[in-house]
Every structure is written in C-alpha cells, then in structure tokens.
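The entries below follow the order in which I checked them.

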Amino acid sequence: MATTTSTGSASYGDCVTALRTSLSFLESSVSTLGNGVADFPRLVNVLKSVRHYELIPQPTLAAAEASLRDEIGPAIAVLLDRADAHIARAERRIDALKARAELQQGRLTDPPSPSPSSSSNSRGKKLSGEARLKARALHQRRQALQYGVERLELEVLQKERELRKRLDATA
C-alpha cells in the first residue's frame, strides 16, 4: 500500500503542478484581456463619432457645392484676373528690358560713325577751339538723336508684338 500511496501522491503532485501552471496561464490571460477591455469606454466614444461620416443625399451635396461655388467663384475670378494682369505686366517689362538690352548692345558694338566734322579734320582742315566745341556738340546731339530713333523703333516693334498677341488672344 505504501507504493500505491507514493504513486498516488506523485500523481496528485503532478496534477497539482499542472493545475498551478494552468492557473498561471489563466491569470496571464485574464490580465491580457483586462488590458484589452480597459480601453472600451474610449472605443465606445470613438465609435459613436461614426455619424459624422454618414452619407448624405445627392441633392443636398449638389446644393452645398453650388452654394460654395457661388460664394467663392467671384473671388477666384478676381484673383485669376489679377494674376493674369500681373503676368502680362511682367511679360511687357521683360520685353522692354530685352529691347533696351539689345539697343545698348547695339550701341556698344557699333563703331561710332565718322561725322562730317571729323572727316573734314582728317583731310587736313584744323578747326579752331570754338568750332571744335560746336562740332563735338553736334556730334553728341546726332548720336543722341540716333539713339532716340533706335529706341522708338524698338518700342514700335514691341507695340506691334503686343497688338498681335492681343489679336491672337481675342481670335
């Protein structure tokens, strides 16, 4: 009987050990579930906000879009017109600066044309002091007038380009 008692107590000991292991697993599972369930009140509030994302009927959506379009449409049109005017102004400014640069480049690369007074000087005729000053003044005036004519010609070309652009835009 002693062996049956010892084998019986050994099997009871194994059962108790298995039961304790099962209890520890059960306690671990309960704590894990407790951690997962602890957030339920917040989840209830989060799930209640689903109403904000419900579908609305198509006529209501179309009316809201039309109202929004009517409300912000004129402001957008004004802003687009302003932007177009600013772009056109900037393009005209760029064209004017390009024309001025071309004119300045032309003035720098063109050798000064011999004036009648300087050609007469090269023929051996010497001008007196007063006549020399007068010839220099005439020469400077002539260059200024040539510059003015070139500038006006470039402005005319620019105005013609702008007119063509406007005609192309309206056509």
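Entry 1. I began with Arg151, which is partly exposed at a relative accessible area of 36%; here buried means under 20% relative accessible area, exposed over 50%, and partly exposed in between, with a 1.4 Å probe and protein chains only. I note that this is a predicted model, in which local features need pLDDT of at least 70 and side-chain atom pairs count only at pLDDT 80 or more, while totals for chains, interfaces and linings use all residues. Residues are numbered from 1 along each chain as its sequence is written, and side-chain values use heavy atoms, with hydrogens and water left out.

Entry 2. I then looked for the partner of Arg151 and found that its side chain meets that of Glu155 in a salt bridge (3.2 Å, N to O), the term standing for a side-chain nitrogen of Lys or Arg within 4 Å of a carboxyl oxygen of Asp or Glu. Arg151 and Glu155 are separated by about one helical turn because they are 4 residues apart in helix α5, where helices are DSSP runs (H or I, at least four residues) numbered from the N terminus. Glu155 is also partly exposed, with a relative accessible area of 36%.

Entry 3. How many salt bridges does the rule give? I count 3. Another of them joins the side chains of Glu160 and Arg164 at 3.8 Å, N to O, and this pair likewise lies in helix α5, 4 residues apart, about one turn of the helix. Glu160 counts as partly exposed at 35% relative accessibility.

Entry 4. I turned next to Lys165 and Asp95, whose side chains meet in a salt bridge (3.8 Å, N to O). This pair links distant parts of the chain, with Lys165 in helix α5 and Asp95 in helix α3, 70 residues apart. Lys165 is partly exposed at 47% relative accessible area, whereas Asp95 is buried at 18%.

Technical notes
Helix = DSSP H or I, 4+ residues; strand = E, 2+ residues; numbered from the N terminus.
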